Amino acid sequence: MIKSTIKIHDKFSVVIDVTYDKIFERKKSEYTTITYLFFPDSLNINNKTYPSTKFYNDVRLFIKYDTPYHSLNEIDSVENSLLKKLHKNTETFIKDPSKRNRSLYEERVKMFASTFSALLSDQVDEFINTKNLIYNEIEPFLITIPTILSQYRLLVLKISSSSLKPDDKKFILYADEHISNVVELQLMRLYNHLQKNVSKEKLDTIIKIIDEEQKYKKNVDYDSPKNKSIPPEDLLYKRNQLKKYIDSVFFLNQDIRKDGAVFEQTLLAISAGLAMIFSTGVAFYFQKYYGSLTTPFFIALVVSYMLKDRIKGFISLLFVSKSSTFLYDYKINITDSMNKKIGLFKESFVFVPFKKLEPTIRNYRFKDRIINTRTLREQIIQYKKKVILYPTKFGKDLPDEDILGLTDITRFNFHRFIQYMDDPEKDYILVKKGELYTKVADKVYPINIIQKQYTEVGIEFNRYRIIMSRNGIKRIEKVL
């Protein structure tokens, strides 16, 4: 089963998350995702101006484990929850700070911090996307956060006061600082969303939690906004480094190689061999009938070598072009922290003429087009990924092996495309009550995305529209 989501990452980038679930605990699962990107012809995106090297510079791929926790309450209230396991591991590590226990404990701490942070973000996203949100629905959330923080910080205090070496205490402090940063950030997002529709008295709880976190960080000597001696850029840099460190527990390693390199070199060698057979055959023929020291033989020898290079080039181009139909540009071996292979990704990029699109994709594209005509040209990029997973190997490198699947995070950066966009605002004329008015409208460019996903349970389609101007991405629309 595949779950796909899309969101804005920054001013010029979008992120598409595709989660591949474990299917029936099979030893091997295969998926194929084809993403079509439709660009207005005015952006000057084509084979000449946008080769594959530029495309792969604009696309970043991250792969991580998909974790099974679904709510904040499951962090501490469910039997064998992450926080309860962390309490047990803390006692074990303090009693036996061996190298193995230290590694397991560090991974457990990072798993808790990363999962808790992700759940906070997801819950705030849910609140922001809920229409007619009632403040009472948020109150349990605001009660849960301090409760979980207090329980976790009991462990921080226990580790800090123990006889462990300073280096053995660092990672739980790093996680504590990261969690505090995330609480501050997510509650600030929630506050900004609510402040227009909710009274200040009701928002005091959110402000109080944020203020307490900033005071806490200052008291325990973490980098805090209340500490005026810390430059803001250093503060943000430290937060980014902490996030990468904590989230690394779920992210997987990638070994990127050119796909079919050996096969391609073999084809090139065969091409060279066929060309050599031709030139040698011509040389033998003219030598037999005219002798080795004659003018006809000399001319034939020169011409055969001239043709040899052309034949080699032609056959090589033919072989490589034909092989591209079943070979990919790159293959990416996915390995865990123990360097064990748990999957394989292959990806390819090509421009596709509209007439070569399959009827289903064409129908999706024309479904809601304002002017339904093919004369409005678009340039179409096909980005294809083949995914081979070995689900039974998931999570072998983690203290918890309860992993639901893998999440493929693909980040598309569209900054390169703004160079041919018009000014972000354009004037238009409005006549009202006999008066002439000049109005301003945003000049936007729609970039349509259609995904076709082959899974073990069937074919699924998704379509999105990215509305973009020269100032950046304005919004993403889900097209039904």
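Helix α4 and helix α8 (residues 232-247) pack at an angle of about 115°, and their axes lie 8 Å apart. Axes here are lines fitted to C-alpha atoms, for helices over the stretch in contact, with angles running from 0 to 180 degrees between N-to-C directions. α4 is therefore roughly perpendicular to α8, a term for angles of 65 to 115 degrees, whereas angles under 35 degrees count as roughly parallel. Helices are DSSP runs (H or I, at least four residues) and strands likewise (E, at least two), numbered from the N terminus. The model is predicted: local features need pLDDT of at least 70, side-chain atom pairs count only at pLDDT 80 or more, and totals for chains, interfaces and linings use all residues. Residues are numbered from 1 along each chain as its sequence is written, and side-chain values use heavy atoms, with hydrogens and water left out.

On the α4 side, E106, K110, A113 and S114 meet Y245, I246 and D247 of α8, contact meaning heavy atoms within 4.5 Å.

A salt bridge, defined as a side-chain nitrogen of Lys or Arg within 4 Å of a carboxyl oxygen of Asp or Glu, joins R189 to D125, with the closest N and O atoms 2.6 Å apart. R189 belongs to helix α6 and D125 to helix α4, 64 residues apart. R189 is partly exposed at a relative accessible area of 28%; the scale sets buried at under 20%, exposed at over 50% and partly exposed in between (1.4 Å probe, protein chains only). H193, also in helix α6, touches F127 and I128, residues up to four places away in sequence not being counted.

Side chains of opposite charge can pair when their charged atoms come close. By the rule above, the salt bridges number 24. One of them joins K452 and E358 at 2.7 Å, N to O. K452 is buried, with a relative accessible area of 6%, while E358 is partly exposed at 25%.

The nonpolar interior remains to be described. A nonpolar core is a set of buried Ala, Val, Leu, Ile, Met, Phe, Trp, Tyr and Cys residues joined through side-chain atoms within 4.5 Å. The largest has 93 residues, of which F112, F141, Y152, L187 and F414 touch the most other members. A second, separate core of ten residues includes I34, Y36, F38 and I361.

Notes: Parallel < 35°, antiparallel > 145°, perpendicular 65-115°, else oblique.
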